[in-house]
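Here is a short report on one predicted model.

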Amino acid sequence: MSEISPFDLQLRKVDVIKQLDKSLDEAKRIYDACSKEGVKLLLYGSVGIYSNVKENKIAVELLRLYRRNGIQDINFIVKPESRDKFKEVIYSLDYTPYIHLERTLGQIAGMFFKEEITVKVYYSDEMKFSHIIPINWNSEFTFDRQDLLLSKLQMHFPTNKDLSDIIALMLFDIPEDKVLDLTSRDWGLWKDVTSNLQKSRELVSKLITDEIRERDELMPVISKLVKLHGRIMNSPKQKSWEPMPEDAKYWRDF
């Protein structure tokens, strides 16, 4: 579902921040309408991250740098028991469903269009992406920052956009307890998280070398990436932490 988009944004140059602001306003409208009907949902993805980092100029510039052709969609996770009510609300806001997806995956995922806005939804109690991650449902409106960070760290095939999101989030003080706990239990998640921390450090070095960002501005991020990587590597592992064979597939397709 993550590769489907009705709009060929790659062919257009857009004001990314203006688009993010517009999408964030629309996401809030959807969230408020759903909340009035008792529908529990949380925003994540580009718009969710932007909502959490937009007060930091460096973070915003990182989001802009790797989204020069715009953003594709607004992403929500909706509690499965709220699926039907969510659909009623989104239809009442003049959204049209992608019928083929609705027929084939309507119990699991949905995609809804209105003008140039696309809303993508997973109906799940957990993040079920490259790895399965529990969600803090006590958060309001968006994933909390630790869950936003995990949503990027858990990726098996991250792009520079995803790595820049990790860097942007690491400009903030984020609790690490959940990351440490989950990576101590799941070898596959540990493997992708530690790999993505290393890739993020490499991207930071490239940003500095290419003079896109000043070293002093990114020094706190470098330090946090190194420290988090070290804490994960040194944390005691649970019995469930079992390395798999080199050629084994340890991640999920989604």
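In which loop is the place of F141? F141 sits in the loop between β7 (132-134) and α6. Its phi is near 70°, a positive value in a residue other than glycine. F141 is buried, with a relative accessible area of 11%. Buried means under 20% relative accessible area, exposed over 50%, and partly exposed in between, with a 1.4 Å probe and protein chains only. Helices (H or I, at least four residues) and strands (E, at least two) are DSSP runs, numbered from the N terminus.

This is a predicted model: local features need pLDDT of at least 70, side-chain atom pairs count only at pLDDT 80 or more, and totals for chains, interfaces and linings use all residues. Residues are numbered from 1 along each chain as its sequence is written, and side-chain values use heavy atoms, with hydrogens and water left out.

**The sheet**

Five strands make an open sheet with mixed pairing, in the order β1-β2-β5-β4-β3. Two strands pair if DSSP finds at least two bridges between them. The pairings with stated bridge counts are tabulated here.

| Strands | Sense | Bridges |
|---|---|---|
| β1 and β2 (residues 74-78) | antiparallel | four |
| β2 and β5 | parallel | five |
| β4 (residues 109-114) and β5 | antiparallel | six |

Single bridge partners can be picked out. Y44 is partnered by N75 in β2. I74 stands opposite V119 in β5. F112 also has V119 of β5 as its bridge partner.

Strand β5 (residues 117-123) is mostly covered, with seven of its seven residues buried. I117, V119, V121 and Y123 point one way from β5. T118, K120 and Y122 point the other way.

β4 and β5 form a hairpin with two residues between them. E115 lies in the loop between these strands. Its phi is positive, about 50°, although E115 is not a glycine. Most residues other than glycine have a negative phi. E115 is exposed, with a relative accessible area of 71%.

Helix α2 (residues 45-53) packs on the sheet and touches β1 and β2. The direction of α2 makes about 85° with that of β1. Contact means heavy atoms within 4.5 Å. Axes are lines fitted to C-alpha atoms, for helices over the stretch in contact, and angles run from 0 to 180 degrees between N-to-C directions.

**Helix packing**

Helix α6 (residues 145-153) and helix α8 (residues 177-185) pack at about 40°, with axes 9 Å apart. α6 and α8 are therefore oblique to each other. Angles under 35 degrees count as roughly parallel, over 145 as roughly antiparallel, 65 to 115 as roughly perpendicular and the rest as oblique. Q146, D147 and L150 of α6 meet D177, K178, V179 and L182 of α8. By class, this contact of α6 with α8 has three nonpolar, one polar and three charged residues. Ala, Val, Leu, Ile, Met, Phe, Trp, Tyr, Cys and Pro count as nonpolar, Asp, Glu, Lys and Arg as charged, and the others, Gly among them, as polar.

α8 also packs with helix α9 (residues 187-209), at about 125° and with axes 5 Å apart. That makes α8 oblique to α9. From α8, the contact takes V179, L182, T183 and R185; from α9, W187, L189, W190 and V193. These residues divide into six nonpolar, one polar and one charged.

Helix α10 (residues 215-234) has 20 residues and should span 28 Å at 1.5 Å a residue. The expected span is 1.5 Å times one less than the number of residues. The end C-alpha atoms of α10 are 27 Å apart, which agrees. L218, V221, L225, L228, H229 and I232 are buried in α10. The buried residues of α10 pack against α3 (57-65), α7, α8 and α9.

**Two more residues**

H156 lies in the loop between α6 and α7 (160-169). At 14% relative accessibility, H156 counts as buried. Not counting residues up to four places away in sequence, H156 touches S130, D192, Y250 and W251.

R64 is found in helix α3. R64 is partly exposed, with a relative accessible area of 39%. Leaving aside neighbours within four places in sequence, R64 is in contact with V16 and I17. The C-alpha atoms of R64 and P236 are separated by 38 Å, and the two are 172 residues apart along the chain.
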